[in-house]
Amino acid sequence: MTNSLSENPAHDIHDIIDVQTTDCCIVGGGPAGAVLALLLARQGIPVMLLEAHKDFDRDFRGDTIHPSVMEIMAELGLSDRLLALPHSKIRQLRIQTAEDSVTLADFSHLKTNYPYITMLPQVKFLEFITQEAQKYPSFQLVMGANVQELIMQDGVVAGVRYRGGGGWHEIRAKLTVGADGRHSKLRQLGGFESVETSPPMDVLWFRLPRQPEDAEGGMGRIAKGHILVMLDRGEEWQIAYVIPKGGYQQLRTAGLEELKKSVVEVVPELGARISNLHDWSQVAFLSVESSRVKRWYRPGLLLIGDAAHVMSPVGGVGINYAIQDAVIAANALAKPLKNQNLQLKDLAKVQNQRELPTRIIQAFQTFIQKQIFARILTSDQTFQPPAFLRLPILRDFPARLIGLGVFPVHVEV
Ligand SMILES: Cc1cc2nc3c(=O)[nH]c(=O)nc-3n(C[C@H](O)[C@H](O)[C@H](O)COP(=O)(O)OP(=O)(O)OC[C@H]3O[C@@H](n4cnc5c(N)ncnc54)[C@H](O)[C@@H]3O)c2cc1C
């Protein structure tokens, strides 16, 4: 681990508008941070959740609530209310070619009360979780709080400084948690070292209208050299158009009309609606990454979720693995935080329990990327699904790994 921490803040200390103290300061109100804040607040532990944005309605970052998360919600007594929000369900992930169709994951056989992926806008999920947390007096949420610095005391992280509401604010905390996503500021400030792999693809995201006769849920389509995934967002399809790594500039040079043509070649039913795409500003580019930090903690600071491990989009697992991190972190840390005797070994417990599942799912994603995605993207032949996908023994394996995670995770606090 490199050490880029400084005991001296970069700005004038007199700029600080206010100083607050809490037991646990969580940076980032995404799925990992919001769920951890709720779990700690339920235990009466003073917790502050700092979110840089002013609301939860941001760029699309996935709407998938996997069976493992629904099980966690059920343990918290929240599943029925969550499922009362407008949503759709995906029971199978299928790859469809012009001639063939093969199931990549079938959730309907999983041993769970929720054998499907619940498609719920992430903004609704985060609002739901934070509203639930607001019921506990020890919870505090600060929106528009952009964390920029760590506070250091004798080599231990003792809180953060953030900009927001017209100036600098200081939060002093016994524990700081970096749940600030794939571009984590805390990962950078804490000098954490990452192990990176390079997935062979990038993704373009855009939306097209759904029609009442369209199938519910989601689907994946494959044609020569192209992969397209369509996710149901109520009145719209959220579309992921997968391109070879580094192919974005070439596509831009070829022009939007070429992109539209290629989309319709893969999914002819979109022909009448593709005219809704009239400008590159409607197309978001995602550079696909996959990495994990070597060590998830240092004195006073723990990383969870994407801050600790950036996931490839294969299988859409980032949200459920981030939430499972939050549950394990709450299980390991609630008691020592309550008893005021938090030690480094408590933070280590989180990595000990979560590193192996993370490594396994990332290895699975790498395998699928190489065996399926790379082959399709680099070939002008019709894709023949590999024989291993049809082995009955493999029917439940990907669904289990994607839907439930490597090990079951339960709320113990
Ligand atoms: C385009 C796209 C599509 C995706 N689709 C899916 C999908 O279908 N299914 C799936 O499971 N996963 C998907 N993912 C991955 C998924 O979004 C992440 O794995 C998941 O959100 C990780 O949760 P998190 O809480 O760790 O981080 P995030 O959800 O990234 O949350 C981090 C939060 O921290 C805040 N933040 C960042 N910096 C600061 C700061 N300095 N101060 C304060 N706050 C800060 C951010 O605003 C953000 O709200 C997708 C990702 C992308 C980019």
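User: Which residue in E7 is the bridge partner of Lys 89?

Analyst: Thr 118 is the partner. Quick heads-up: this is a predicted model, where local features need pLDDT of at least 70 and side-chain atom pairs count only at pLDDT 80 or more, while totals for chains, interfaces and linings use all residues. Residues are numbered from 1 along each chain as its sequence is written.

User: What makes E4 and E7 (residues 117-119) a pair?

Analyst: Two strands pair if DSSP finds at least two bridges between them. E4 and E7 have 3 bridges and run antiparallel, so they pass. Strands (E, at least two residues) and helices (H or I, at least four) are DSSP runs, numbered from the N terminus.

User: Why do E3 and E4 count as edge strands?

Analyst: The open sheet has 3 strands in the order E3-E7-E4, paired antiparallel. E3 (64-65) and E4 (88-90) each have a single partner strand, so one side of each is left without a neighbour in the sheet.

User: How do you know that E13 has partners too?

Analyst: Count bridges again. E13 (residues 201-209) and E16 (residues 236-244) share 9, in the antiparallel sense, with Met 201 partnered by Pro 244 in E16. E13 is also joined to E17 (residues 284-286) by 3 bridges, again antiparallel, and there Leu 204 stands opposite Phe 285.

User: Why is H1 called roughly parallel to H4?

Analyst: The axes of H1 (residues 31-42) and H4 (residues 122-133) cross at roughly 20 degrees and come within 9 Å. Angles under 35 degrees count as roughly parallel, so H1 is roughly parallel to H4. The crossing is left-handed, meaning the near helix is turned anticlockwise from the far one by less than a right angle.

User: Which residues in H1 and H4 meet?

Analyst: Ala 34, Val 35, Ala 37, Leu 38 and Ala 41 in H1 meet Leu 126, Ile 129, Thr 130, Glu 132 and Ala 133 in H4 (contact: C-beta atoms, placed from the backbone, within 7 Å). By class, that contact has 8 nonpolar, 1 polar and 1 charged residues.

Definitions and conventions: Axes are lines fitted to C-alpha atoms, for helices over the stretch in contact, and angles run from 0 to 180 degrees between N-to-C directions. Angles under 35 degrees count as roughly parallel, over 145 as roughly antiparallel, 65 to 115 as roughly perpendicular and the rest as oblique. Two residues are in contact if their C-beta atoms, placed from the backbone, lie within 7 Å. Ala, Val, Leu, Ile, Met, Phe, Trp, Tyr, Cys and Pro count as nonpolar, Asp, Glu, Lys and Arg as charged, and the others, Gly among them, as polar.
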